[in-house]
Amino acid sequence: MESLKLDKDKLKDFIAALDSKKVYAPQKVGETIKFAPVNGDLEVSLDFANTTVPPKEIVFPQTETMFLFEQGGTDINLTKGGAEKVLLGVRPCDARAMSVVDNLFSWDIDDPYYLDKRKKITLVGLACLEPPLNCFCPSVGGGPASTEGLDILMTDLGDAYLFQPLTPKGEQLCQLSSELLQPAGAEDNARAEELHREAEKKITREVDIKGLAEGLPSLWKSEIWKEVAEPCLGCGICTYLCPTCHCFDIQDEMEGLDGRRCRMWDSCLFKEYTLHASGHNPRPSRRERQRNRINHKFSYFVDKFGVTACVGCGRCINLCPVNIDIVDILSKVKEAL
Amino acid sequence: MNEKVNPYKPYMATVQEAWYETTGDRCIKTLKVLFDDEEVRENWSHLPGQCTMIGVLGVGESMISISCSPTEGKFLRFSVMRMGKVTQAIHQLEPGDKLTVRGPYGNNFPVEEWKGKRIVTIGGGIGQAPLRPIIEYVKANRSDYEGLTVIYGARTSADLCFKNELKDLRNCDGVSCHLSIDIEEEGWPHYVGFVPSLLMEVNPSPENTIAVTCGPPIMIKFVLQNLKKLNFADEQIYTTLENRMKCGIGKCGRCNVGNLYVCKDGPVFSYATLKNVPEAFA
């Protein structure tokens, strides 16, 4: 399908035309920017660097109920599937992250909670024309206008958005509001490409990850892990807000006689994550836990699924309270190899 | 969501029999359970070494090895050490009580591949639970195996599981059983010392033999060293790993040792695989 163009002042009408689906867009909720349902007034501002919370929480909520039961009962009532959703303004790194995580939730045995939500979302991306400070997506195979995982890529042309439908799902969405979208001209496409190239040039942080997947295990006893772990507080924010981190805990909660089994984000940086009931912990200190975090993203995940479990969004760098910097860690690892 | 394909939805089962194997702080209780749904019971199949998530609704689930062989019947058996919140709740279950079961998970001891060989099991404490299905499987298919040597030890005689069954083993043709306790006890007629030393005492030949060991990490470490001294090749040595688990299906992340998931790639590993995994014996 050819590229299309939407006048910026028609964005509201475009959202209204998707009325059969719930539209989520980046919004300020308290101190954080996250994907939230667009309100009745349909006001959406796509003027943001990136969301604090990645859109992974739409398909993999921080806490979700798996099923309900009653104390002493034998009936297990599974949570019903959700509604169709459109995510508007997803950054290309976060869309790539969903493709990465899809591997995990669909290998061997399908995870019905994740996949039900995942199949029901349409991802409308927004190219990053002003990449934030700690972005390094090109180093891990992405780019500010990467289309991987997206159904539509939007580019801000100033007074209009260029729409590039990428999948049948994306084309369908464009058809819902066909009267609002004008065919884009060759000059629009050329302008977008130019903006994409300029954006990539603005990314200053980089690291060469070639050879890490094979090499990392050889640094098992390296001092690097001690150095990384020394300032680490084990707060887990780098994993909670990582768009590819997918580890979870399962817990039962009771309220009176009503019970629910739920799952919630967990983090390999928490002591309890691997703690055996006996008191034995195979990863007893933050050294082992940070080593696992890096090995999992850049070696184990690559071994298993052929892709790196990092998309270079920079959140873990921006949000770490003690300035632990994954690009620095990877550079040190690379040097040590 | 399709109920049939939700891997997190457990089956309901009922405790048929329950008894204590050992007493004390970390006592071990065995439960014999039957699935409530006849279709589930009929369609269920497992092999020695596999595990299940068993649990109590409202408390949670734990990954526990199935301690019976499929050759024993349509029931499942679990021998559970009381350790944390979930195993505490499991210990409170009596005949007629409900528990949840999902699985079976993980790989299995390659008992079919091992046909024609002698099997040596080397267990310590609760580590005998995952070894028990091998013993029962070999007993049920006795003519398919050259023989069976059971080596098993615990801290004291009161800490030994499956005592009566072990006594009966001595009457089985081609089966030998060697027991040990760590500290001298009055009236104890068998070996006194640690399991790795008992292994050297029994001195099994590696010829056409498979050695399988389960127990505390420190015991496994020395058993592996001693098996090497006895000239067992890496490929002839098997063990199981355990780690904290939540999903059982390779999603929740926590059970990995290096690039292997214990819940999917294990719990059974040959030493040939594990010796290259740096985290395996952490």
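Start by selecting the two domains of chain A, where 33 residues of domain 1 are in contact with 26 residues of domain 2; contact here is C-beta atoms, placed from the backbone, within 7 Å. On the domain 1 side, colour β4 (63–70) and α3 (92–106) of chain A, the elements that give two or more residues to the side touching domain 2. Helices (H or I, at least four residues) and strands (E, at least two) are DSSP runs, numbered from the N terminus. By class, that side of domain 1 of chain A has 17 nonpolar, 11 polar and five charged residues. Nonpolar covers Ala, Val, Leu, Ile, Met, Phe, Trp, Tyr, Cys and Pro, charged covers Asp, Glu, Lys and Arg, and the others, Gly among them, are polar.

This is a predicted model, in which local features need pLDDT of at least 70, side-chain atom pairs count only at pLDDT 80 or more, and totals for chains, interfaces and linings use all residues. Residues are numbered from 1 along each chain as its sequence is written, while chains are lettered from A and ligands numbered from 1 in the order in which they are written.

Next, go to chain B and select helix α6 (residues 217–229), whose 13 residues reach 19 Å from first C-alpha to last. Show the side chains of B:M219, B:I220, B:V223, B:L224, B:N226 and B:L227, the buried residues of α6(B) (buried: 20 or more other C-beta atoms, placed from the backbone, within 10 Å of a residue's own). Finally, step past the helix to B:N231, which has a positive phi, near 70°.

Notes. Expected span 1.5 Å × (residues − 1). Buried ≥ 20, exposed ≤ 12 C-beta atoms within 10 Å, placed from the backbone.
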